[in-house]
Amino acid sequence: MRPKGIALVATLAILVMIAALAFGTFFTTQTEMFTTRNDVTSLQANYVAEAGLQKYKAALFQNYRWVESQNSGGSSGGSSGGSTACQSSVGNGIDFDRDGRATQFVNNKITLTKEDVTDTAGTVIGSYTVSITRDTATPQFYTLESVGTSSGATAKVRMVVQMANTGLLDNAIFAGQGQANKFMNGNTSIRGGIYVVGTSPTTPVIISNGNFQMLNSYDIRGNDYDDAARLGMDDANEAASDLCASLRVQYGQVDISGSSQIGTSSTPLKGVYVGRGASDIINNPNSSTGCPIEKRYLCTDNGPSAFDLSNPPSFPNFGSTGCDPANPSRTWRQCINTDSGDTSKGLRIRYVSGGNPIIVNANGTTNTSLTLPSSCRTALSGAVASTSSSGNGKGKNNTSGTEANTRDIWLGPSGSGGDSNVDCRVTVGGRTVGWRYDATGNSGRGSFEVYGDVQLEGFNLRIYSSVEYTARSWDDSGATVQNSTLVVSKINDSDTEGGNIRIEGNFIPNGDGGSRRFPHHVLGLVAQEDFFQQGNNIMAPIYAGDTFYTGQKRVLFGSVVSNYFCTTDAGTSGNVADYTGCNAGQGSEVIYINTGTNKPGIMQRPEQAIQPVFKILSYERL
């Protein structure tokens with residue numbers, strides 16, 4: 001072969017190799033560019049999806065807080081009442097614009113309109129579509145899913161959140177320091193949530209033994225409950241299979257032993273969150289509970305684990321602030337004085353030593369333009385105070401063994417030593433405000449009527465007959481609603497008397513019509529000091545600044561907010577030890593009834609400072 005031919009072939013081979021290398025480099029570069037572009041668009045699509053998720057996570061919680069604030073706005077709630085079933089206040093729809101036109105769930109899902117995302121220059125870089133799905137099994141749970149697209153790439157992110165309210169009236173028991181002697185034994189049953197603030201991480205706030213139960217359901221239609229309970233209760237609320245119940249203890253331990261039952265396998269609690277964690281739950285119940293060993297024989301969807309709220313509510317007293325969003329420094333007492341002292345919507349009556357009671361304005365001055373009826377002045381001035389030795393012990397301040405304390409308002413049937421007909425109502429601008437008691441006013445069962453927010457300053461109140469109550473107030477628009485609040489307080493914090501309520505008979509709504517039954521008809525009872533339940537059935541949300549006392553075969557329908565909760569029989573001997581000893585518990589029961597939008601106004605006030613719970617339970621990129 002000629003040398004020149006070989007050179008040509010070699011040159012051509014070298015050119016082919018160079019071309020191949022160049023093409024390979026170009027191909028690799030292009031591939032890397034495509035890969036980088038795909039990574040960029042995929043990442044951008046993920047950012048777009050994340051933008052949608054974060055926007056509607058915030059919007060969902062803001063709407064939930066807004067809806068909840070409408071139910072606890074410091075003024076009388078609406079007349080629609082509540083439903084005891086576990087539910088969410090946004091479960092029927094979400095009003096993102098807060099204009100009264102909620103977006104409805106369709107097949108338990110809301111799919112929102114696609115929205116664009118732009119960069120800082122205003123250029124559209126992608127779009128997202130967000131859907132919100134409600135959990136029908138656990139109404140507090142919602143799933144948010146956002147699908148983002150950018151330059152042909154698609155990304156999806158998902159989040160499960162829990163929204164719940166830990167307000168004072170959202171539990172069967174909301175306690176400051178727990179159970180006074182730490183025992184909830186015998187046959188005591190708490191049907192609904194328990195929240196205890198506590199004071200020390202190492203101090204037991206609940207020691208349950210015997211047949212104590214904390215359950216997430218109830219049914220009063222059987223023979224275990226009497227006719228009075230069914231008479232006062234709305235038919236739709238006679239049973240509930242899920243009360244959204246959780247056990248929460250901020251500071252302290254829970255000792256569970258004996259045959260105690262916390263939740264059941266069919267209706268577990270939503271959660272158990274105690275102190276520093278599961279180690280603060282001691283002396284496990286036995287395995288017969290039917291609950292899993294890994295949950296320490298507690299039937300709960302979540303936990304047992306540590307206390308879970310970052311901004312927890314505290315126990316409110318009359319000096320607690322936060323009842324007025326427009327003036328956060330105002331105390332609950334000041335809010336009560338304002339609400340009851342405004343005679344267009346309430347009545348504030350004050351004890352006067354040696355004289356007739358007076359009507360007090362919101363600013364504390366005497367109202368000279370209104371006069372209490374004569375039966376009211378007579379009863380409240382102590383002119384007919386009984387000296388009978390029967391049924392002693394109206395309040396822990398009375399230690400004499402007689403019933404001659406003029407601070408005590410006695411209401412009872414004729415011949416029983418108390419007042420059988422007391423009218424403390426006045427009319428202002430066409431509205432009736434105040435209260436009235438008639439021992440024979442409702443087919444012989446007795447009637448107790450409260451109109452507006454009523455405060456009795458410096459008195460103790462004792463009702464020792466069964467009554468059916470009527471509660472009426474007005475919302476901010478002037479419409480009549482079927483709720484009101486009766487407050488029994490000291491005149492001031494330095495006063496040594498007053499502030500106790502004792503109910504010795506059934507205390508239920510006037511249920512002549514279905515819409516007038518509990519919880520569509522609610523009278524809230526607020527005692528600055530102690531509350532004694534001696535009647536078999538009471539249907540009301542109750543506040544006791546010191547201790548709530550109950551006893552054998554007594555059922556409270558509603559909720560209890562008290563610093564201490566005592567299951568010892570409240571007693572009738574007049575001995576102070578009956579009130580302060582709080583020995584081992586008895587077969588009492590508290591059944592949580594959600595009064596919903598029908599919460600009495602004064603009892604809503606402390607909830608202004610409480611933030612709803614919003615927890616992210618899971619997050620994933622799909």
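Predicted model: local features only at pLDDT ≥ 70, side-chain atom pairs only at ≥ 80, totals over all residues.
1. **Disulfide count.** The model has three disulfides. Each is taken in turn below.

2. **Cysteine 291 and cysteine 299.** These two cysteines are joined with an S to S distance of 1.8 Å. The link is left-handed, with -100° about the S-S bond. Cysteine 291 has a relative accessible area of 5%, so it is buried. Cysteine 299 is buried as well, at 3%.

3. **Cysteine 323 and cysteine 335.** Here the S to S distance is 1.9 Å. The torsion about the S-S bond is 75°, and the link is right-handed. It connects distant parts of the chain, 12 residues apart. Cysteine 323 sits in the loop between strand E17 (281-282) and helix H3 (332-341), while cysteine 335 is in helix H3 itself. Cysteine 323 is buried at 2% relative accessible area. For cysteine 335 the value is 0%, so this residue also counts as buried.

4. **Cysteine 376 and cysteine 424.** This disulfide has an S to S distance of 2.0 Å. It is right-handed because the torsion about the S-S bond is about 100°. The partners are 48 residues apart: cysteine 376 belongs to helix H4 (residues 374-381), cysteine 424 to strand E21 (residues 421-428). Both cysteines are buried.

5. **Nonpolar cores.** The largest nonpolar core holds 85 residues. Within it, Trp435, Phe448, Phe507 and Phe557 touch the most other members. Strand E33 (residues 537-549) contributes the most to this core, namely six residues. A separate core has 24 residues, including Phe61, Tyr64, Leu144 and Val161. As a general rule, nonpolar side chains in soluble globular proteins tend to be buried together.

6. **Phenylalanine 507.** What does phenylalanine 507 touch, not counting residues up to four places away in sequence? Its contacts are Phe448, Ile463, Val467, Tyr469, Leu523, Leu525, Asn537, Ile538 and Met539.

7. **Serine 588.** This residue lies in the loop between helix H5 (577-580) and strand E35 (589-592). Is serine 588 buried or exposed? Its relative accessible area is 2%, under the 20% cut-off, so it is buried. Setting aside neighbours within four places in sequence, its contacts include Asn187, Thr188 and Ser189. Thr550, Gly551, Lys553, Arg554 and Thr567 are also in contact with serine 588.

8. **Arginine 517 and aspartate 235.** The structure has 27 salt bridges. In one of them, arginine 517 pairs with aspartate 235, with the closest N and O atoms 3.2 Å apart. The two residues are 282 residues apart in the chain. Arginine 517 is in the loop between strands E30 (507-509) and E31 (522-527), and aspartate 235 in the loop between helix H2 (227-232) and strand E12 (239-240). Arginine 517 counts as buried at 18% relative accessibility. Aspartate 235, at 53%, counts as exposed.

9. **Aspartate 339 and arginine 605.** Their side chains form a salt bridge at 2.9 Å, N to O. Aspartate 339 is in helix H3 and arginine 605 in the loop between helix H6 (601-604) and strand E36 (613-621), so the pair ties together parts 266 residues apart in sequence. Aspartate 339 is buried at 1% relative accessible area. Arginine 605 is buried at 10%.

10. **Arginine 407 and aspartate 495.** This salt bridge has an N to O distance of 3.2 Å. The partners lie 88 residues apart. Both are buried. Elsewhere, salt bridges with shared partners join Asp423, Arg425, Arg436, Asp438 and Glu449 into one network.

Conventions:
Residues numbered from 1 in each chain as written. Heavy atoms only, no water. Disulfide = S-S within 2.5 Å. Buried < 20%, exposed > 50% of the residue type's maximum accessible area, 1.4 Å probe, protein only. Helix = DSSP H or I, 4+ residues; strand = E, 2+ residues; numbered from the N terminus. Core = buried A, V, L, I, M, F, W, Y, C linked by side-chain atoms within 4.5 Å. Contact = heavy atoms within 4.5 Å. Salt bridge = Lys/Arg side-chain N within 4 Å of Asp/Glu carboxyl O.
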